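Subject: Structure handover

Hello,

My notes follow below it.

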Amino acid sequence: MVKEIERAGIPVVHMCTIVPISLTVGANRIVPTIAIPHPLGNPALSLEEERDIRRTLLTRALKALETEVTEQTVFEK
Amino acid sequence: MIITNNELVYSKYKDDYDILFLDGTYRDVLVKTRDKVHEGYELLTHPLSSSIKPNETPYKSVIISDIKGNLNYNSVIIIENSIMTFDKFNLNKIKNINEKMKEDFKLIDLTVLKSALNI
Amino acid sequence: MKLELGYVFIKDIQFAEVSKVENGTLYVNRDEVKALILEDQNFKSADVELARPGESIRIMPVKDVIEPRVKVEGPGGIFPGTINKVETVGSGKTNVLKGAAVVTTGKIVGFQEGIIDMTGPGAEYTPFSKLNNLVLVCEPVDGLKQHEHEKALRFAGYKVAVYLGELARALTPDEVHTYETPTLVEGIKLYPELPRVAYVCMLQSQGLMHDTYVYGVDAKQIVPTLIYPTEVMDGAIASGNCVSACDKNTTYHHLNNPVIYDLFDEHGKTLNFVGVIITNENVYLADKERSSNWSSKLAEYLGVDGVVVSEEGFGNPDTDLIMNCKKIEAKGIKTVLITDEYAGRDGTSQSLADADVKADAVVTGGNANMVIDLPAMDKVIGYPEVADIIAGGFDGSLHADGSITAELQVITGATNEMGFNKLSAR
Amino acid sequence: MLKVVHYINQFFANIGGEEMAHVPAEVREGIVGPGLAFQQAFGEEAEIVATIVCGDSYFNENMDEAKKIIIEMVKKYNPDIFIAGPAFNAGRYGVACGTIAQAVKDELNIPVLTGMYIENPGADMFKNSLYIVSTKNSAAGMRDAVKKMAPLALKLAKGEKIGSSAEEGYMPNGTRVNFFEKERGSKRAVKMLLNKLKDKEFVTEFPMPDFDRVAPNPAVKDVTKAKIALVTSGGIVPKGNPDHIESSSASKYGKYDIEGVMDLTEETYQTAHGGYDPVYANEDPDRVLPVDVLREFEKEGKIGSLHRYFYTTVGNGTAVKNAKAFAEKFAKELVADGVDAVILTST
């Protein structure tokens with residue numbers, strides 16, 4: 001799916017938990033997430049803390065979209 | 001930890017191992033295993049152990065780690081591919097089996113599991 | 001190690017007063033064979049039947065198929081470690097009743113695949129429809145445990161095959177083929193220019209009815225090891241695998257392992273066939289890791305340029321196959337894999353339970369989910385009552401007239417993963 | 001006798017090259033150009049009753065209109081088979097052949113066949129839904145192409161069983177078909193290995209799932225001005241799953257309006273995905289599809305805007321079969337809607 005979006009000419013960031021799968025399916029900008037059943041959250045935390053995590057990850061995703069890449073790149077920070 | 005829907009496995013190992021017994025189908029065992037793997041448990045036996053097709057036997061036992069760690073990539077791939085493979089099969093066949101066969105399938109599942117536990 | 005394989009061609013099989021081979025006909029004393037089976041007190045009765053190519057006969061459920069062979073010269077006997085003593089086989093002379101086989105049937109557990117049709121559309125998919133078969137139907141004593149039943153049946157097959165093989169001991173073979181594997185060092189000196197090739201043979205090894213024996217050792221307890229190809233021709237590997245009829249390797253397949261014979265065909269011409277690495281397919285994922293580490297290590301140590309890897313069975317062995325492929329390729333050794341497929345009835349599902357970009361050279365034995373119609377036969381040898389269970393993949397699969405609509409996977413040897421057949425898929 | 005309608009471009013109709021690519025569709029009775037070779041191959045079994053000639057530029061620039069006109073032309077003759085091309089490596093001709101063949105198949109329910117070179121863009125677009133015979137890369141391969149296409153066309157016209165791609169010569173289309181090879185598998189394996197060892201060409205009998213790559217697009221210049229769309233393979237749908245998205249290997253995707261939606265809640269959204277424990281996603285769907293935070297970003301000016309629709313599918317990453325087809329479709333919509341960047345979340 002990520003490839004088809006990229007192919008259509010739109011930059012795309014893939015936020016997913018299992019980076020190797022993302023590499024396999026051909027994502028170019030990758031942001032690793034928390035866990036499979038809750039990639040952008042963590043039920044062990046309070047709602048505020050969860051939202052903070054989500055903000056951090058999405059800020060990272062925006063940064064990835066603003067970064068020129070020439071090959072598959074994982075944005076850990 | 002053993003995840004199983006096979007009473008024979010449960011009764012044999014309930015005192016020696018941590019067992020999650022499910023009163024459900026082969027697929028229920030795979031799905032529970034998947035959820036555990038997603039939580040960070042590691043898969044120790046292959047979920048499609050034995051070449052008996054998922055539409056032949058109603059029983060399945062899988063061993064996962066006792067300890068939860070970081071998400072194990074290989075475990076995720078294997079369990080998700082196993083569920084996908086399971087879903088390719090037509091399950092009508094299972095309806096035809098009788099009590100004797102159920103006992104046989106329980107035994108086969110037990111011996112396949114045993115081949116892993118003995119090591 | 002050098003073995004001369006002498007083929008005595010069998011064109012017919014008949015019951016007779018005296019067991020013997022004459023003018024291409026295998027004569028069998030039925031009572032002697034029955035008595036041989038009943039030496040084992042686990043059986044209360046036994047029946048022996050014939051099934052020839054073209055006859056309207058269905059055999060089911062098939063457990064194993066065994067080719068009769070006899071060691072004429074050289075150490076040891078056929079099936080070392082099981083029937084004969086644990087001596088290293090694979091050298092000297094061995095005679096083969098080519099065109100004949102022993103087929104064991106049995107209802108060890110209540111779910112049983114394994115059909116051989118001697119004529120009709122089903123016959124095209126199993127190599128055993130072309131053989132003159134002696135079929136054993138053995139009744140266990142009441143209350144016999146599944147483990148013992150399986151073992152007794154397996155040994156009955158070996159014993160009868162050895163008994164028939166013995167008939168060829170004094171015969172002059174119609175054809176002789178010589179197979180020789182030099183030591184690694186000699187081979188390199190002999191063929192310095194040729195690419196070195198090994199064969200990685202994966203053996204099913206997962207518990208009752210899923211086991212393979214190497215010199216009598218249960219293959220799940222081995223670590224991958226080396227074996228001369230000619231040892232395999234003398235029965236060093238024997239099958240105790242009774243599940244997944246279409247893609248399990250019967251003992252007949254091991255004795256006639258087509259990868260070994262086809263690599264020998266090219267040996268000294270286009271490649272240097274250095275030997276066979278046997279590995280297993282265990283349940284434990286750590287075992288899978290260890291075994292694939294080990295098989296790749298052995299391939300590296302042998303200094304080979306390429307390997308052929310053959311799989312056995314369905315589902316989890318796909319994981320072993322891909323592990324072997326990835327790890328061997330990672331050593332800079334080129335691989336070709338032989339597998340079969342479960343692509344669904346319509347052929348559109350993903351065929352394997354695992355995949356990797358490194359697996360770029362794959363030979364397939366076909367889609368085992370393909371649906372086939374098997375017309376009724378005049379005679380059923382074995383246990384006709386299991387037809388319902390065998391065929392019961394979907395409603396209306398067993399018809400009132402005895403014909404069956406089922407998936408190809410019920411046919412013994414149909415999608416063999418050693419590449420025994422011409423069946424393929426695209 | 002079976003009736004055939006043949007589609008060719010201006011070049012093969014001898015009208016002219018690129019300078020004549022603008023000519024609109026016309027129909028001519030009987031055989032034109034390469035039709036002759038087909039007619040010879042058909043012998044008495046089939047007859048080309050009409051040939052439709054259309055300029056490549058005309059077709060590609062007026063696709064909807066061209067399709068409509070040509071369908072009407074084909075309909076009139078009620079043929080047993082519609083053949084387009086072969087197009088070899090001519091890209092716009094290949095796309096035209098695939099597009100019109102698909103349209104004839106879908107709208108008139110007539111068997112269709114086309115042919116082109118494997119790298120023709122039309123091949124990738126249509127090989128999974130049409131029989132496309134693999135041809136050489138130039139018109140010099142016409143004889144070879146006709147040799148493969150004519151017998152397959154006859155089989156299709158007669159409604160006979162079509163064998164495997166290896167036997168019939170069409171491009172592998174993802175559907176596995178059994179057939180008997182000339183040599184046994186082990187022999188084929190040894191030969192394949194010898195070729196691989198010599199770095200010669202070999203063809204795997206079972207291609208692994210698609211591992212191809214697409215080059216990354218340039219970065220978003222200024223994300224604070226960008227229109228960002230959310231896409232997820234985590235199966236988030238409005239509560240009750242109104243479109244009945246299936247829990248696995250879904251055959252459709254959902255497109256939902258989130259105009260004015262500030263936060264996804266347990267009461268309003270859920271997951272339809274069967275590939276993971278749904279408890280956490282159902283409790284707070286923002287954990288999979290982070291609408292809440294993106295709305296904050298929108299307000300704070302960190303992004304230009306959040307696109308009005310989000311797209312959702314189920315998929316566990318490795319099962320890409322359906323996903324590819326509908327992603328192609330909605331990617332086009334995203335482009336049309338002026339979306340600057342996509343955040344795709346997966347579970």
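Among contacts in chain B between residues at least 6 apart in sequence, those joining residues at least 24 apart make up 73%. Keep in mind that this is a predicted model.

Chain B

The secondary structure of chain B consists of four helices and three strands. Along the sequence, their pattern is β-α-β-α-β-α-α. The radius of gyration of chain B is 14 Å, and a compact globule with 119 residues would have a value near 14 Å, so the two agree. Along the principal axes, the C-alpha atoms of chain B fill a box of roughly 40 × 35 × 25 Å. Of its 119 residues, 52% count as buried.

Chain C

Chain C has nine helices and 26 strands. Its radius of gyration is 21 Å; the globule rule gives 22 Å for 426 residues, so chain C is as compact as a globular protein of that length. The C-alpha trace of chain C spans about 55 × 55 × 35 Å along its principal axes. In chain C, 62% of the 426 residues count as buried. Take the contacts in chain C between residues at least 6 apart in sequence: 79% of them join residues at least 24 apart.

Contacts between chains

Five pairs of chains are in contact, and chains A and D share the most contacts. Chain A and chain C have no contact with each other. Their closest C-alpha atoms lie 9 Å apart.

Chains B and C do touch: 34 residues of chain C are in contact with 36 residues of chain B. On the chain C side, α7 (285–301) and α9 (387–391) each supply at least two residues. By class, that side of chain C has 13 nonpolar, 16 polar and five charged residues.

A three-strand sheet in chain C

One open sheet of chain C has three strands, in the order β2-β4-β3, with mixed pairing. Its edges are β2 (12–15) and β3 (20–22) of chain C; each has a single partner strand, so one side of each is left without a neighbour in the sheet. Direction ignored, neighbouring strands here are turned by 25 degrees against each other on average. β2(C) runs parallel to β4 (residues 25–28) of chain C, and four bridges join them. C:Phe15 has C:Val28 in β4(C) as its bridge partner.

Strand β15 of chain C

Is β15(C) enclosed or left open by the rest of the structure? It is largely enclosed, because five of the five residues of this strand (residues 210–214) are buried. C:His210, C:Thr212 and C:Val214 point one way from β15(C). C:Asp211 and C:Tyr213 point the other way, and the residues on both faces are all buried.

Which strands does β15(C) pair with? One is β18 (residues 237–241) of chain C, antiparallel and joined by five bridges. There, C:Asn241 in β18(C) is the bridge partner of C:His210. Another is β16 (residues 217–218) of chain C, which pairs with β15(C) in the antiparallel sense over two bridges. C:Asp218 in β16(C) is the bridge partner of C:Tyr213. β15(C) and β16(C) form a hairpin, with two residues between them. In that turn, C:Tyr215 has a positive phi of about 50 degrees.

Best regards

Conventions. Residues are numbered from 1 along each chain as its sequence is written. Chains are lettered from A and ligands numbered from 1 in the order in which they are written. This is a predicted model: local features need pLDDT of at least 70, side-chain atom pairs count only at pLDDT 80 or more; totals for chains, interfaces and linings use all residues. A residue is buried if 20 or more other C-beta atoms lie within 10 Å of its own, exposed if 12 or fewer, and partly exposed in between; C-beta atoms are placed from the backbone. Two strands pair if DSSP finds at least two bridges between them. Two residues are in contact if their C-beta atoms, placed from the backbone, lie within 7 Å. Ala, Val, Leu, Ile, Met, Phe, Trp, Tyr, Cys and Pro count as nonpolar, Asp, Glu, Lys and Arg as charged, and the others, Gly among them, as polar. Axes are lines fitted to C-alpha atoms, for helices over the stretch in contact, and angles run from 0 to 180 degrees between N-to-C directions. The radius of gyration is taken over C-alpha atoms; the globule rule is 2.2 Å times the number of residues to the power 0.38.
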